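Biologist: I have some questions about the labels used for this model. Please show me how each one is reached.

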Amino acid sequence: MKNTVLTFKEMKESGEKISMLTCYDYSTARLMDGNIDGILVGDSLGNTMMGYGDTLPVTIDDMITYGGSVVRGCQKTFVVIDMPFMSYQLSVEQGLENAGRLMKEARCQAVKLEGGARVCPQIKAMTDAGIPVMAHLGLTPQSVNAFGGNKVQGKSEEAARILLEDAYKVQEAGAFSVVLECVPEQLATLISEKLTIPTIGIGGGNGCDGQILVYQDMLGMFDDFKPKFVQHFAKIGEEMTRAFQAYNAAVKDKSFPDDDHSFHMKDPDSLKRLY
Ligand code: KIV
């Protein structure tokens, strides 16, 4: 049975932590399916898959293409797709139409959008239309220019109060869950205790109801930069590099492909008649 919004609700109520990772393609989704509770097709694909410096250039069509491939790889794991920059900020109607496209064309189970009070009308309209919404507070990467960089949010009393109020507001508007990104652990824990919907932390410490990481980060696929909240659970980048080098060497020294990896004629002598 596929996980649903109810699975998330029950896990919060029972105290079982919710595990989520980002994912952007079918093959990786197949490997994750059934091994974690939820997948987010994050607009972080702008960085990880498309090589942009931030998430701003990502379009709704990009999210449908990548998101659909992930959905097709999942039988059990719950799939949420991110709404990219400027796909919901213009109006409630714009947000509803694009959330509808993600549900109809990519066939995800929920959408995610960034922001607190200012996007509550969008959250309410989507929820009323039967589209589950995951909210996202704290460091919201689509606002990187307004923040002046990727900075921890909610460190002062005033900033913490606004964040807590935003968390209440998105819950009130109908969000089924909320991501807390780069928020001090004490504040994220307080929000998690106060809300009835599950909080999913990324750089929010251990008191959140669940955790999410970008999968290339946790697999150790890049080591140019490691945010403080990232833990490497494997060294896949090193293993991939080793395999690429081994393949390169095998092609050049002609040990690949060997006989076992080649096709053969039924009657090799028949080739002589082709001359
Ligand atoms: O786009 C993304 O990957 C995200 C997660 C980091 C929460 O929003």
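Modeller: Helices (H or I, at least four residues) and strands (E, at least two) are DSSP runs, numbered from the N terminus. The protein chain has eleven helices and eight strands. The model is predicted: local features need pLDDT of at least 70, side-chain atom pairs count only at pLDDT 80 or more, and totals for chains, interfaces and linings use all residues. Residues are numbered from 1 along each chain as its sequence is written, and side-chain values use heavy atoms, with hydrogens and water left out.

Biologist: Why is Lys12 called buried?

Modeller: Buried means under 20% relative accessible area, exposed over 50%, partly exposed in between (1.4 Å probe, protein chains only). Lys12 has 16% relative accessibility, so Lys12 counts as buried. Lys12 is placed in helix 1 (residues 5–14). Buried residues make up 49% of the 275 residues in the protein chain.

Biologist: What makes the pair Lys12 and Asp209 a polar contact?

Modeller: A polar contact is a pair of N or O atoms within 3.5 Å; within protein, one must be able to donate a hydrogen and the other to accept it, and residues adjacent in sequence count only if both atoms are side-chain atoms. The side chains of Lys12 and Asp209 are joined at 2.8 Å.

Biologist: Is Gln153 buried or exposed?

Modeller: Its relative accessible area is 17%, so Gln153 is buried. Gln153 lies in the loop between helix 7 (144–147) and helix 8 (157–173). A polar atom of the Gln153 side chain is 2.9 Å from the backbone oxygen of Lys151.

Biologist: Which residues are around the ligand?

Modeller: A residue is near a molecule or strand if one of its heavy atoms lies within 4 Å of it. Around the ligand, these include Thr22, Leu40, Asp82, His136 and Glu181.

Biologist: How is the shell around the ligand split by class?

Modeller: Ala, Val, Leu, Ile, Met, Phe, Trp, Tyr, Cys and Pro count as nonpolar, Asp, Glu, Lys and Arg as charged, and the others, Gly among them, as polar. The shell has three nonpolar, four polar and four charged residues.

Biologist: Where do polar side-chain atoms of Asp43 and Ser44 lie relative to ligand oxygen atoms?

Modeller: For Asp43 the distance is 3.1 Å. For Ser44 it is 2.5 Å. An N or O atom in the Lys112 side chain is 3.0 Å from a ligand oxygen. The protein covers 96% of the 260 Å² of accessible area that the ligand has on its own (Shrake-Rupley method, 1.4 Å probe).
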